[in-house]
Amino acid sequence: EALSEACVLNNRAPRVWAHLCLLALELERDGEAEQSLTQALRLGLDDVALLERIGGAYIGKGDWQKAERCLRRALASVAAAATAEAGAEAGPTQGDDDKTADASVAAAAASAEAGMAGRLLADALSEQGQSEEAIVLYEAALKQPRAGEADVRHIKQRLASLYAATGRH
């Protein structure tokens, strides 16, 4: 009720919509969760921790595409912040080809600011059969300073399966 009231008072606040999404997911109101998520993203939600929580909730529901959407946004926010910080020091950079974008997402996944968004995104991609990108993200997540022992074990197990499935060693 308080979140709904906050939304009425300021319906342009992406964090409020994100919290409404989490609440709707918890209450198994999937339609409302989707509407809230869409609104939060439309309003520019860039809170990495919130996006990670929403992505994790969608993973728990087995909704890989919505999880991917949230987690990609989380890593893009981390990458944008790093680019802005580096840009202030180094000036503008050229081009934004796919390899540069992939490298920045992988770098973002390894940074402390990303939390475990990279590992979660790799989980979602792996479940959707996107093995190569999942491998890149799992390898980056292994460099994550916040990765706990259980996370490292999970990542190594998933990597072993993906390496076997793709013929890598």
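Trainee: Among contacts in the protein chain between residues at least 6 apart in sequence, what percentage join residues at least 24 apart?

Mentor: That share is 67%. Keep in mind that this is a predicted model.

Trainee: How do you know whether Cys21 counts as buried or exposed?

Mentor: Buried means under 20% relative accessible area. Cys21 has 0% relative accessibility, so Cys21 counts as buried. Cys70 also counts as buried, because its relative accessibility is 0%.

Trainee: Why is Glu68 called buried, with a relative accessible area of 14%?

Mentor: The cut-off for buried is under 20%, and Glu68 comes to 14%, so the label buried applies. Glu68 is found in helix H5, residues 64-90. Beyond its neighbours within four places in sequence, its contacts are Leu121, Ala124, Leu125, Gln128 and Gln130.

Trainee: What makes helix H7 mostly covered?

Mentor: Ten of the eleven residues of H7 (residues 117-127) are buried. Among them are Leu121, Ala124 and Leu125, which are also contacts of Glu68. After H7 comes Gly129, with a positive phi near 80 degrees.

Trainee: Why is Arg153 called partly exposed?

Mentor: Partly exposed lies between the buried cut-off, under 20%, and the exposed one, over 50%. Arg153 has a relative accessible area of 45%, so Arg153 is partly exposed. Arg153 is found in helix H9. Its C-alpha atom is 9.7 Å from that of Leu142, eleven residues apart along the chain.

Trainee: What is the angle at which helix H8 and helix H9 pack?

Mentor: Helix H8 (residues 131-141) and helix H9 (residues 149-166) pack at about 150 degrees, with their axes 10 Å apart. H8 passes H9 in a left-handed crossing. The residues that make the contact include Ile135 and Tyr138 of H8, and Leu159 and Leu162 of H9. By class, the contact has eight nonpolar, three polar and three charged residues.

Trainee: How do you know whether Ala40 counts as buried or exposed?

Mentor: Set the value against the cut-off of under 20% for buried. Ala40 is at 0% relative accessibility, so Ala40 counts as buried. Ala40 is found in helix H3, residues 30-42. Leaving out residues up to four places away in sequence, Ala40 touches Pro14, Trp17, Ala18 and Leu45. Ala40 and Val16 are 24 residues apart in sequence, with 7.8 Å between their C-alpha atoms.

How values were computed: Residues are numbered from 1 along each chain as its sequence is written. This is a predicted model: local features need pLDDT of at least 70, side-chain atom pairs count only at pLDDT 80 or more; totals for chains, interfaces and linings use all residues. Side-chain values use heavy atoms; hydrogens and water are left out. Contact means heavy atoms within 4.5 Å. Buried means under 20% relative accessible area, exposed over 50%, partly exposed in between (1.4 Å probe, protein chains only). Helices (H or I, at least four residues) and strands (E, at least two) are DSSP runs, numbered from the N terminus. Axes are lines fitted to C-alpha atoms, for helices over the stretch in contact, and angles run from 0 to 180 degrees between N-to-C directions. A crossing is left-handed if the near helix is turned anticlockwise from the far one by less than a right angle, and right-handed if clockwise. Ala, Val, Leu, Ile, Met, Phe, Trp, Tyr, Cys and Pro count as nonpolar, Asp, Glu, Lys and Arg as charged, and the others, Gly among them, as polar.
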